[in-house]
Amino acid sequence: KLQFLYLIGFAQALDADGYVCVDDSLRVRGFTHVFAGGDVAATADQKLAQSACAHAAVIVKNIQALTDAAGAALEEHRPRQTPAICVSLGPHDGYLLPPVGGRWMMVGGRLAAMAKVRCAGSLPSWALF
C-alpha cells in the first residue's frame, strides 16, 4: 500500500498491515507536526469517504491549534458509528445498506432511491414519508 514510506525513512510510522499509525489527534506516530487521515490511517473507522471527511476536519483544527500562538489543545478524533451506505441507480431505484445488529441489510427499489435523495438534502424531511 504505502511501500514508498519505507524508502523515505517513515517505516516506523507503519503498522504490520501497512497503514499509517496515528494517535488520537491523528498525528503520525513519531512525528509532532505530521498528520494522516482517510484510507491510509490506522483507525477504527471504516475506509469510507465519510470517515476521511471527519479526519480532515480534525486535522485542519489540529494544524490551526499548532499554529496558534496561545497553544490551543489538539482535538481528538472519535471513530464514528458505521453509517448506512446509499447507492442511487437513478431517480426511481437504488440500494440502501444500513448496518443492523453488526451485519449489513440490503434494501432496494424506490425506498432506497428516496433515502439517497433525502441524504443528499434535496428533499424536505417530510417528503420521504
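These are my notebook entries on one predicted protein model.

**Ground rules.** The model is predicted, so I take local features only at pLDDT of at least 70 and side-chain atom pairs only at pLDDT 80 or more, while totals for chains, interfaces and linings use all residues. Residues are numbered from 1 along each chain as its sequence is written, and side-chain values use heavy atoms, with hydrogens and water left out.

**Overview.** I looked up the elements and got 3 helices and 5 strands. These are DSSP runs numbered from the N terminus: helices are H or I with at least four residues, strands are E with at least two. Starting at the N terminus, I read the order as α-α-β-β-β-β-β-α. Next I checked burial, where buried means under 20% relative accessible area, exposed over 50%, and partly exposed in between (1.4 Å probe, protein chains only). Of the 129 residues in the protein, 28% are buried. Then I went to contacts, meaning heavy atoms within 4.5 Å. Taking contacts between residues at least 6 apart in sequence, 23% join residues at least 24 apart.

**Helix α2.** Does the length of α2 agree or disagree with what its residue count predicts? The expected span is 1.5 Å times one less than the number of residues. For the 19 residues of α2 (residues 49-67) that gives 27 Å, and the end C-alpha atoms are 27 Å apart, so the two agree.

Which residues of α2 are buried? I found Ser51, Ala54, His55, Val58, Ile59, Asn62 and Ala65. Looking down the axis of α2, I see these buried residues fall within an arc of 135 degrees, so they line one face of the helix. The arc is taken from the directions that run from the helix axis to the C-beta atoms. On the face turned away from the buried side I noted the exposed residues Ala49, Cys53 and Thr67.

**Ser51.** This residue sits in helix α2, and its relative accessibility is 8%, so Ser51 counts as buried. A polar atom of its side chain lies 2.8 Å from the backbone oxygen of Gln46. Setting aside neighbours within four places in sequence, I have Ser51 in contact with Asp45 and Gln46.

**His77.** I located His77 in the loop between α2 and β1 (85-88). Is His77 buried or exposed? It is buried, with a relative accessible area of 7%. Its side chain makes a polar contact with the side chain of His55, at 3.5 Å. (A polar contact is a pair of N or O atoms within 3.5 Å; within protein, one must be able to donate a hydrogen and the other to accept it, and residues adjacent in sequence count only if both atoms are side-chain atoms.) Not counting residues up to four places away in sequence, His77 touches Asp24, Leu26, Asp45, His55 and Val58.

**Leu26.** I followed that list to Leu26, in the loop between α1 and α2. At 1% relative accessibility, Leu26 is buried. Its phi is near 70 degrees, a positive value in a residue other than glycine.

**Gln3.** This one lies in the segment before α1 (4-7) and is partly exposed, at 48% relative accessible area. Gln3 and Gly18 are 15 residues apart in sequence, and I get 7.7 Å between them in space, C-alpha to C-alpha.

**Tyr19 and Lys47.** Last, I checked for a charge over a ring, which needs NZ of Lys or CZ of Arg within 6 Å of the ring centre and within 35 degrees of the ring normal. Lys47 lies over the face of Tyr19, at 4.7 Å from the ring centre.
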